[in-house]
Amino acid sequence: MDSADRSPSSGQPGQPGQREGLGLPFLAVVALALIAAPRVALHDLGIIQEGTFVNALFVFVPPLMWIAVVLWRRVPNPFLTLLAVGAVYGVLLVLGHQILWNTAWDGAPPSLGGNLSGLSPALQEVIVRGFAALSSLVTGTLVGAVCGLVAWATGKLLRR
């Protein structure tokens with residue numbers, strides 16, 4: 001029997017209609033991450049400020065949308081799906097912060113102090129930017145993990 005003869009609802013792995021992996025197409029994962037990306041640019045450009053209502057909207061609405069989408073689509077593993085969304089978001093954070101680095105720091109980027117203050121400015125910039133990139137990846141992934149846990153728990157409660 002070829003795949004055209006199989007029922008999409010039979011639940012057998014690899015058959016049409018079976019959702020495996022992330023539970024959403026990869027482009028949907030990227031699209032969800034992109035929903036949160038504007039905050040990076042708006043913040044680094046000084047258009048929105050920490051502690052404002054508008055900033056709070058840009059911080060909380062996209063992750064709530066992520067959770068709503070995985071619950072609505074009933075993805076098989078919301079934690080894994082949103083972890084992936086968060087990882088892509090982390091990459092977008094890296095790109096946004098690195099592209100807008102000089103603008104965000106208003107021409108006076110951070111430098112190292114203490115024993116490392118004697119390093120060349122170029123090496124200091126590589127080190128600081130590297131740690132900033134790592135921080136962005138971790139932050140995005142953690143946001144995805146927390147959202148995934150919330151979505152997983154909410155899904156369990158809704159299916160009771």
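Author: Happy to! One cut-off first: angles under 35 degrees count as roughly parallel, over 145 as roughly antiparallel, 65 to 115 as roughly perpendicular and the rest as oblique. Please keep in mind that this is a predicted model.

Let's take helix 1, residues 26-36, and begin with its partner helix 4, residues 78-99. Their axes come within 8 Å and cross at roughly 55°, so helix 1 and helix 4 are oblique to each other. The crossing of helix 1 past helix 4 is right-handed. On the helix 1 side, the contact is made by F26, V29, V30, L32, A33, L34 and A36; helix 4 brings A84, V85, V88, Y89 and L92. Sorted by class, this contact has 12 nonpolar residues, with no polar and no charged ones.

Now turn to helix 3, which spans 53-73. Helix 1 packs with helix 3 at an angle of about 155°, their axes being 8 Å apart. That angle makes helix 1 roughly antiparallel to helix 3. Here, too, helix 1 passes in a right-handed crossing. The residues that meet are L32, A33, I35 and A36 from helix 1 and P62, M65, W66 and V69 from helix 3. By class, this contact has eight nonpolar, no polar and no charged residues.

Both partners also meet another helix: the buried residues of helix 6 pack against helix 3, helix 4 and helix 5. Among those buried residues are G140, G144, C147, G148 and A151.

Key
Residues numbered from 1 in each chain as written. Predicted model: local features only at pLDDT ≥ 70, side-chain atom pairs only at ≥ 80, totals over all residues. Heavy atoms only, no water. Axes fitted to C-alpha atoms, helices over the stretch in contact; angles between N-to-C directions. Helix = DSSP H or I, 4+ residues; strand = E, 2+ residues; numbered from the N terminus. Left-handed = near helix turned anticlockwise from the far one by under 90°. Contact = heavy atoms within 4.5 Å. Nonpolar A, V, L, I, M, F, W, Y, C, P; charged D, E, K, R; others polar. Buried < 20%, exposed > 50% of the residue type's maximum accessible area, 1.4 Å probe, protein only.
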